[in-house]
Amino acid sequence: MLHARRQGKMFSESSSFLKGMMLGSIFCALITMLGHIRIGHGNRMHHHEHHHLQPINKEDILKISKDERMELSKSFRVYCIILVKPKDVSLWAAVKETWTKHCDKAEFFSSENVKVFESINMETDDMWMMMRKAYEYAFDKYKEQYNWFFLARPTTFAIIENLKYFLFKKDQSRPFYLGHTIKSGDLEYVSMEGGIVLSIESMKRLNSLLSVPEKCPEQGGMIWKISEDKQLAVCLKYAGVFAENAEDSEGKYVFNTKSVGLYIKEAMNNQPQQVVEGCCSDMAVTFNGLTPNQMHVMMYGVYRLRAFGHIFNDALVFLPPNGSNND
Amino acid sequence: MASKSWLNFLTFFCGSLFGYFICSQLFSIFLGEQGDTQPSILHNDPHARHSDDSGHGHLEGQMDFNADVSQHTDENTDVSKKLYQKVKILCWVMTGPQNLEKKAKHVKATWAQRCNKVLFMSSEENIDFPAVGLKTKEGRDQLYWKTIKAFQYVHDHYLDDADWFMKADDDTYVVLDNLRWLLSKHDPEKPIYFGRRFKPYVKQGYMSGGAGYVLSKEALKRFVDAFKTDKCTHSSSIEDLALGRCMEILNVEAGDSRDTTGKETFHPFVPEHHLIRGYLPKTFWYWNYNYYPPVEGPGCCSDLAVSFHYVDPTTMYELEYLIYHLRPYGYLYRYQPALPANIGKEISEAYKNEDQKVKLGNP
């Protein structure tokens with residue numbers, strides 16, 4: 001009798017368990033379907049547009065007239081911010097003599113005044129503070145004159161023409177925040193080492209937030225310091241600006257955090273049959289971790305050294321800068 | 001009873017949680033990953049649809065203009081192709097059994113493919129690489145002997161297959177397109193040779209061995225003949241000097257390989273050594289050897305450089321990337337050299353932009 005009663009009890013328990021299961025599954029299915037309809041489509045678009053930015057389609061380029069091309073080329077005005085410290089002086093010199101000449105304007109923001117070179121004194125040693133003040137200064141002074149703001153450390157070599165090509169036909173009124181992205185938990189941020197690109201709209205939103213301590217604290221991180229590039233991402237996120245990774249039409253990263261030599265060495269190890277193909281994008285914008293000498297070699301290698309008889313049908317036209325002899 | 005209904009409720013609740021969990025797992029598997037995922041390429045993955053690379057084991061110079069298609073769709077290589085047909089260059093690379101895998105392999109993977117024909121010269125034959133066996137010994141003092149035998153081999157087997165005959169080391173990087181541009185202005189039937197000209201010891205100068213040098217067909221014929229008729233000596237421990245002396249004896253002209261702005265094209269060192277002021281100390285032999293006034297800094301090197309020397313394997317690929325891949329989009333180079341006249345006529349229909357005007361670069 002006891003046995004039967006126990007069995008009966010078990011039966012009613014298991015049936016209520018099963019009933020619960022059914023209800024749970026139905027509930028879950030409903031939620032998933034609803035969520036999918038609302039977010040799903042947007043998510044896919046979001047995924048495509050916001051996280052992997054690729055340059056313009058080549059077929060579209062050929063439909064543009066030559067005059068339109070020249071005008072278009074001039075419509076990209078890039079202001080370069082290079083954050084330096086006194087210890088960087090030899091890299092500073094190299095960077096000054098090389099790629100920064102191809103920015104529409106380049107200025108050096110230093111932690112303190114240095115006798116040898118002109119710079120804008122940020123009067124702080126803290127990278128995040130330097131970054132904020134530099135962005136504030138740049139926006140204040142140049143918001144009417146430049147529409148793209150590129151920030152880098154003097155260890156980086158940048159090819160501004162390739163940056164402009166990448167930005168070609170992007171809607172400049174949209175907030176862009178791009179470079180080489182890294183994911184840290186929930187936060188996707190643009191690594192400082194690869195260089196950070198902000199459109200004028202992003203600069204506007206950033207600057208309006210910089211005065212709000214809760215959104216953009218000067219001292220982020222309670223226990224340990226958060227790197228300045230992460231801080232920037234947090235700040236921009238509040239303004240609805242999200243990091244996007246820049247890739248070429250093959251999916252190769254265009255902003256690089258290491259030097260060409262290092263990528264070549266890695267490719268020699270990992271894919272020895274296709275070293276150059278496995279290395280880097282033809283339209284690379286940045287490389288990082290270069291010595292001053294390597295900056296000069298890159299300048300020659302990018303802007304001068306080439307193979308005769310290889311001609312390119314490019315949509316944009318960029319002239320060499322005045323008063324320069326190493327490009 | 002209260003406890004019984006409480007137990008029922010509990011099992012019902014557990015059941016619903018369990019059901020929800022199972023269902024959500026099934027859905028996520030069924031629908032695949034959603035939301036942001038870091039791209040599966042950690043960095044710089046090769047192309048997903050990359051066609052296999054051009055002929056690996058071929059001795060025949062193979063120009064695979066279809067490699068890397070999508071990155072190069074804006075690229076017009078008509079002029080390069082035309083020059084490939086008009087200015088035939090046979091390259092032979094001085095190497096040895098110990099260096100086939102260490103060095104020569106990387107030459108083969110990069111610039112050697114652009115020669116009309118390439119041969120790897122070693123003391124011993126290697127069928128797999130492939131490398132020609134010259135049946136000599138190895139060592140610095142054997143260099144001239146190897147050079148003589150190599151040129152003899154080339155003369156005996158391939159004289160009619162090329163107009164110009166280039167010698168390079170397994171640590172030399174040669175830009176074949178630029179070499180063709182340089183040689184297109186000259187007649188291979190003339191006795192002449194080109195390289196990085198040094199001034200000591202030989203009146204008309206001689207060409208640096210490491211930077212590579214290239215002989216016209218006539219020069220090759222005379223050189224090979226010189227050993228049959230004892231005009232030149234077989235023994236020497238300094239390969240480039242001995243060859244240079246022999247060339248002078250044979251009335252083979254030491255050509256000027258500088259570009260139209262006077263910048264050197266053949267380089268005995270890597271770009272860094274020439275571009276950085278003060279890298280080579282003023283007491284270094286180089287400053288006294290150069291036939292033309294030596295320059296350091298940006299004026300050291302032509303945009304259309306032909307060769308660099310002491311190039312390690314990593315730098316081979318770096319140069320390949322910088323010369324044939326990475327470029328500044330839309331950039332109007334300062335130095336716009338003229339197309340060789342005869343080639344220009346043939347491609348003039350397809351090539352109608354202002355790049356044809358000669359614009360002198362900064363010295």
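These legends walk through close-up views of cysteines in a predicted model.

View 1. A disulfide is a covalent bond between the sulfur atoms of two cysteines; here the term covers cysteine sulfur pairs within 2.5 Å. The structure holds seven of them over all chains. Cys80(A) sits in strand β2 (residues 78-84), while Cys103(A), 23 residues away, lies in the loop between α4 (89-97) and β3 (105-110). Helices (H or I, at least four residues) and strands (E, at least two) are DSSP runs, numbered from the N terminus. Both cysteines are buried, meaning under 20% relative accessible area, with exposed over 50% and partly exposed in between (1.4 Å probe, protein chains only).

**View 2. Cys216(A) meets Cys235(A).** Their sulfur atoms are 1.3 Å apart, and with 65 degrees about the S-S bond the link is right-handed. Cys216(A) is in the loop between α7 (200-210) and α8 (228-238), and Cys235(A) is in helix α8, 19 residues apart. Both are buried.

View 3. Cys14(B) counts as partly exposed because its relative accessibility is 39%.

**Notes.** Residues are numbered from 1 along each chain as its sequence is written, and chains are lettered from A and ligands numbered from 1 in the order in which they are written. In this predicted model local features need pLDDT of at least 70 and side-chain atom pairs count only at pLDDT 80 or more, while totals for chains, interfaces and linings use all residues; side-chain values use heavy atoms, leaving out hydrogens and water.
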